[in-house]
Amino acid sequence: MLEYEHCPVEQDKIYRILDAGMSAPTACNNQPQRILMIDDDAGREKLNRVVPSKYFVPAAFLICYNKQECWVRPMDGKSSGEIDASIVTTHMMLEATALGLGSIWVMYWDPEKMKTEFELGDEIEPTALLIVGYKSEKATPRQGHLVRKRKEDILL
């Protein structure tokens, strides 16, 4: 289980993680991502009301997308929003790792409660919650986290 030290993440590291999210590629470079920074007690209290799994949260980013700004594939109407937000989150996670921070991508929360708690508009869709901080010495991967399927099992 990932546990964090009870110390803040420096502002320059927060900005570098945000910069990584801002420079991530998006469909047609529409950049529909919207990122909510959560690094104060009020924000942590809101997360605790929405996220069933409890973590100490030194800093968190709620990665969303603006539904009105996404590229849409004309053949079937598929929106790029979730894919764009996922790419942004991945870039932020990789930057956090490069900065010596631990991170966890949390998906277990109710999107409607998240929208209400953080007063997100109807056009904003929350997609990923990225918690970052300095890993505790007690931090260990969850059981099965490092298990990988064989190439033969995933190649089509």
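1. Glutamine 33 is buried, because its relative accessible area is 10%, and the cut-off for buried is under 20%. The model is a predicted one, and every value in this note should be read with that in mind.

2. Glutamine 33 belongs to strand S1, which covers residues 33-38. Its side chain makes an approach to the backbone oxygen of glycine 21, at 3.2 Å. With neighbours within four places in sequence left aside, the residues in contact with glutamine 33 are Gly21, Met22, Thr26, Cys64, Tyr65 and Val88.

3. Glutamine 11 sits in helix H1, residues 11-23. Glutamine 11 has a relative accessible area of 39% and is therefore partly exposed, since that class lies between 20% and 50%. Between glutamine 11 and alanine 139 there are 128 residues of separation in sequence, and the C-alpha to C-alpha distance is 23 Å.

4. Lysine 115 is part of helix H4, which runs over residues 111-117. Is this lysine buried or exposed? Lysine 115 is buried, because its relative accessible area of 11% falls under the 20% limit. Outside the four places on either side in sequence, lysine 115 is in contact with Lys67, Leu120, Asp122, Ile124, Glu125 and Pro126.

5. On secondary structure, the protein has 5 helices and 4 strands. Read from the N terminus, the order of elements is α-β-α-β-α-β-α-β-α. Strand S1, with glutamine 33, and helix H1, with glutamine 11, are among these elements.

6. On overall dimensions, the radius of gyration is 16 Å; this agrees with a compact globule, because 156 residues packed that way would give a value near 15 Å. Along the principal axes, the C-alpha atoms fill a box of roughly 50 × 45 × 30 Å.

7. Of the contacts between residues at least 6 apart in sequence, 78% join residues at least 24 apart.

Terms used: Residues are numbered from 1 along each chain as its sequence is written. This is a predicted model: local features need pLDDT of at least 70, side-chain atom pairs count only at pLDDT 80 or more; totals for chains, interfaces and linings use all residues. Side-chain values use heavy atoms; hydrogens and water are left out. Helices (H or I, at least four residues) and strands (E, at least two) are DSSP runs, numbered from the N terminus. Buried means under 20% relative accessible area, exposed over 50%, partly exposed in between (1.4 Å probe, protein chains only). A polar contact is a pair of N or O atoms within 3.5 Å; within protein, one must be able to donate a hydrogen and the other to accept it, and residues adjacent in sequence count only if both atoms are side-chain atoms. Contact means heavy atoms within 4.5 Å. The radius of gyration is taken over C-alpha atoms; the globule rule is 2.2 Å times the number of residues to the power 0.38.
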